[in-house]
Every structure is written in C-alpha cells, then in structure tokens.
Amino acid sequence: MPEASPAGATGTAYTLTLSCPDLPGIVHAVSGALVSAGGNIIESAQFGSPETGSFFMRVDFRSPQSYEEVHAGLAATAEAFNMTWDLYHAGRRTRTLIMASKSGHCLNDLLFQQRAGTLPIDIPAIVSNHRDLESLADFYGVPFHHLPVTADTKDQAEGRLRALMAELDIELVVLARYMQILSTDLCNELSGRAINIHHSFLPSFKGARPYHQAHARGVKLIGATAHYVTSDLDEGPIIEQEVIRVDHARSAAELAALGSDVEGRALSKAVRWHAQHRVLLDGRRTIVFN
C-alpha cells in the first residue's frame, strides 16, 4: 500500500531509482518530469561513476497523480537517456524470505527488527536445512519450512524453494547464516535479489570455526560483510561492512560473540537499505544512497 501522507503534505509518496550513461542534463530532465507530474521532491541523491561512466539517482517525492500517470510521465525521459529505472510506492514492505541453518543470531535480529517496525519488510516464510531454528520461527509466528539438502537432493530442494518463492511472491531472499551453497542457476535467477552475510576481515580463515582460527592467529580486527549473492562464493557486490577492534585478552568465545553482533548489524543495514531502494548495482560494485 502507498505510504500515508504526513500532515501538511499532499499526494502519494513514491521512490524513483535510475541508472544510465552519464550525460549532461539528466537531473534537470528528471526534475522537470516530476514537476510535470505535480511532484514535490522530498529527498534526492545522485552519483556519477568515473570508472564505468554511469550515472545513478534516487528520488523520494510526492505527487497527486496515480502510479500509472507518474510512470507514463517519466517514460519519455527514461527513453531519451537510455535509463534502467524503477518507480515504487514509498513505504511498501518488501516480501522477504529468510534462509538460515543452525546459528540463529542473524535470523533473530531480523525478526525482532521487523516486528519492532524498523525493517520495512514482510517475512512470510523461513527456510532451513535443519530444524534447530523452528522454535524461534514459532516464537515470532512465521511459517517454518524444513528443506533438507544433500548432494543427491540439492536439485529437488532448490526446486521446492523456487516453488515456495513463487507461491509467496518473494521479492528478496536473505541468507542469514545459511550454510549451503546455492547453485549457479539459482544465484543467477536471484541476481540483485539475494543478500548474504559473511565473516569478512577474516579472509584467510575459511571453513569452520573462523573466529577460533582468528583467535589462534591473534587478530586485532574482526568484522562482517553483507553482499549480494553471486555464483562466485562470498565475492558478490558489497552493500555494507562492519568492524570491531579486539585484543589479546579476548577469548575465542568472546570473538565469536562479538562477531555475531557485527554480523547482525551489517546484515540488517543491508536489508533495510535494499528494501528502501537505496542500493543500485554498478557492475561488481554497489552505489548505496544511505
């Protein structure tokens, strides 16, 4: 549903995002198109990438016109500048499916923030390859789907996942410490629509118990990276990173606890910004208007 207008404001709230080749006159043309739609710009951000020669823009505005009228009014400008663009009802919640395995800290953080109203998402389902987190899903009243995965059943499990996403009209998938690698085909299908959390800043410590490996090596900085999922494992476009300093007095268990907090913060920020349409892709990089 469209966001309600605050006192003193008129019209429906919209968000426009766009990218295109960087040319003179884009901001003027977009502003003019919004004025023609009776639009009142509330927030605007733009960036020209010198590396790719692309221009990116995000605009929050209000207009008395319907979505269809505003969309039609912007179409000519978009075509003239060869834009890739989207128009959204501001405030509409993003339908989000969360996947997790056994660690529940990121899942709990997302569920709590969604219930508290600080994450603009709806969560119609939780999917896991284990049953460890079923009680947590029950506590928050979110349907839990157990989809076990083995080497022999991976294709069938992903088929069931695709069917569930279609049935629930899922717009975003969040891997909240889901410890299974998605197939290349599924990663490609979810391009720009799936977010993963990774214990970054520990790049040398792959595999199990990364914080214990870090402790054994005496690291002084730990962190986490939230990124879009690609077929290149843990190398997708980065949305957000969080770090925290540690010292020799910290035990491996304390590092893991601190790391869990950092992972939760990075992931929730990435999900929030994606749901608010603040993240645009620039090749292997992201432009984040936060």
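Arg 58 counts as buried, because its relative accessibility of 4% falls under the 20% limit for that class. The model described here is predicted, and eleven salt bridges are found in the structure.

**Arg 58 and its partners**

- The side chain of Arg 58 meets that of Glu 43 in a salt bridge, with a distance of 3.6 Å from N to O.
- Because Arg 58 belongs to strand 3 (residues 54–63) and Glu 43 to strand 2 (residues 40–49), this pair ties together parts that are 15 residues apart in sequence.
- Glu 43 has a relative accessibility of 31% and therefore counts as partly exposed, a class that lies between the limits of 20% and 50%.
- Arg 58 also forms a salt bridge with Asp 60, in which the closest N and O atoms are 3.0 Å apart, and both Asp 60 and Arg 58 are buried.

**A bridge between a strand and a helix**

- Glu 242 and Arg 265 meet through their side chains in a salt bridge, at 3.5 Å from N to O.
- Since Glu 242 lies in strand 11 (residues 238–245) and Arg 265 lies in helix 8 (residues 252–275), the pair ties together parts that are 23 residues apart in sequence.
- Glu 242 is buried, with a relative accessible area of 12%, whereas Arg 265 counts as partly exposed at 37% relative accessibility.

Note on methods. Residues numbered from 1 in each chain as written. Predicted model: local features only at pLDDT ≥ 70, side-chain atom pairs only at ≥ 80, totals over all residues. Heavy atoms only, no water. Salt bridge = Lys/Arg side-chain N within 4 Å of Asp/Glu carboxyl O. Helix = DSSP H or I, 4+ residues; strand = E, 2+ residues; numbered from the N terminus. Buried < 20%, exposed > 50% of the residue type's maximum accessible area, 1.4 Å probe, protein only.
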